[in-house]
Each structure stands twice: as structure tokens, then as C-alpha cells.
Amino acid sequence: MNINLLRFFNFIVDNIIFTLLVFIFLYIFSTFISKENAVVILFILYFLYYFLQELIWKRTIGKYITKTIITTKLKSEKYFFWQILCRTLVRFIIIDVFSYLFTNCGLHDFLSKTETIKDKNN
């Protein structure tokens with residue numbers, strides 16, 4: 001299967017799962033969270049969803065399902081933490097989602113010097 005199609009599937013799966021988690025979180029903590037703070041919490045949760053999964057496992061739930069993994073384009077993984085931090089922050093730039101329409105490499109991959117590939121261990 002085409003890697004861009006897998007990436008699109010990753011995006012859909014991760015956004016569905018993230019949305020479900022947010023609804024559960026907001027339902028549980030709705031009495032403690034004001035509507036004004038909900039937006040800030042939403043951004044924090046979105047950051048943590050991608051950052052922690054990609055840093056710890058080099059994949060999100062969507063990537064796990066499609067058996068893809070994040071790798072560095074650098075010769076060493078010495079800066080992987082910073083690459084994942086950059087990758088996650090770039091996701092907040094609205095044009096990142098649309099960057100796949102024009103290139104094979106999305107903006108968050110290009111700027112962080114990472115790529116999503118099929119996991120050879122699966």
C-alpha cells in the first residue's frame with residue numbers, strides 16, 4: 001500500500017481516537033474545566049497525544065495499526081527528542097495538514113528531518 005495512503009489512514013485513526021479521548025476527558029472533568037480553559041487543555045492534550053507516543057514508541061495508535069514507524073533522517077538518534085518535539089509543534093501549523101497534497105513529505109517530517117516508513121520488524 002502507498003505510504004501516503006497509510007499516512008492518511010494514520011491521520012484519520014489518530015484523530016478519531018484523540019477525539020474520543022477528549023470527549024471522555026471533558027466528560028469526566030467537565031465540572032472542573034471552564035469553557036475558556038477547555039481550548040488550552042485541548043491543545044495540551046493534542047500535543048501530549050502525539051509527543052509522548054512518538055517519543056516513547058516511535059509511533060501513534062494509527063501508525064501501530066498500519067505497521068508504520070517514525071525514523072530519523074539523521075545518521076544518529078542523538079537528537080531524536082528534539083526532532084519529535086519539532087515534529088509535534090509543527091503539527092499546530094494549519095498548512096501542515098495540507099502539505100501532503102503538494103509533496104510526498106509533510107511539513108512536520110521536512111522540518112524535523114523525520115519520516116514515516118513501514119516497520120520492518122512487523
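Colleague: Why is C105 called partly exposed?

Modeller: In this predicted model, C105 has a relative accessibility of 25%. Buried means under 20% and exposed means over 50%, so a value in between is partly exposed.

Colleague: How do you know that C105 is in no disulfide?

Modeller: The nearest cysteine sulfur, that of C86, is 11 Å away, and a disulfide needs the two sulfur atoms within 2.5 Å. A search of the whole structure finds zero disulfides.

Colleague: What makes H108 buried or exposed?

Modeller: Its relative accessible area is 4%. The limit for buried is under 20%, so H108 counts as buried. H108 is found in helix α6, residues 107-112.

Colleague: What makes the pair of R87 and D109 a salt bridge?

Modeller: The N to O distance between their side chains is 2.2 Å, and the rule asks for a side-chain nitrogen of Lys or Arg within 4 Å of a carboxyl oxygen of Asp or Glu. R87 lies in helix α4 and D109 in helix α6, so the pair ties together parts that are 22 residues apart in sequence. Salt bridges that share partners join R7, E54, K63, R87, R91 and D109 into one network.

Colleague: Why do E54 and K63 count as a salt bridge?

Modeller: Their side chains meet at 3.3 Å, N to O, and the cut-off is 4 Å. E54 has 0% relative accessibility and counts as buried; K63 is buried too, with a relative accessible area of 4%.

Colleague: How many salt bridges does the rule give?

Modeller: The count comes to seven.

Definitions and conventions
Residues are numbered from 1 along each chain as its sequence is written. This is a predicted model: local features need pLDDT of at least 70, side-chain atom pairs count only at pLDDT 80 or more; totals for chains, interfaces and linings use all residues. Side-chain values use heavy atoms; hydrogens and water are left out. Buried means under 20% relative accessible area, exposed over 50%, partly exposed in between (1.4 Å probe, protein chains only). Helices (H or I, at least four residues) and strands (E, at least two) are DSSP runs, numbered from the N terminus.
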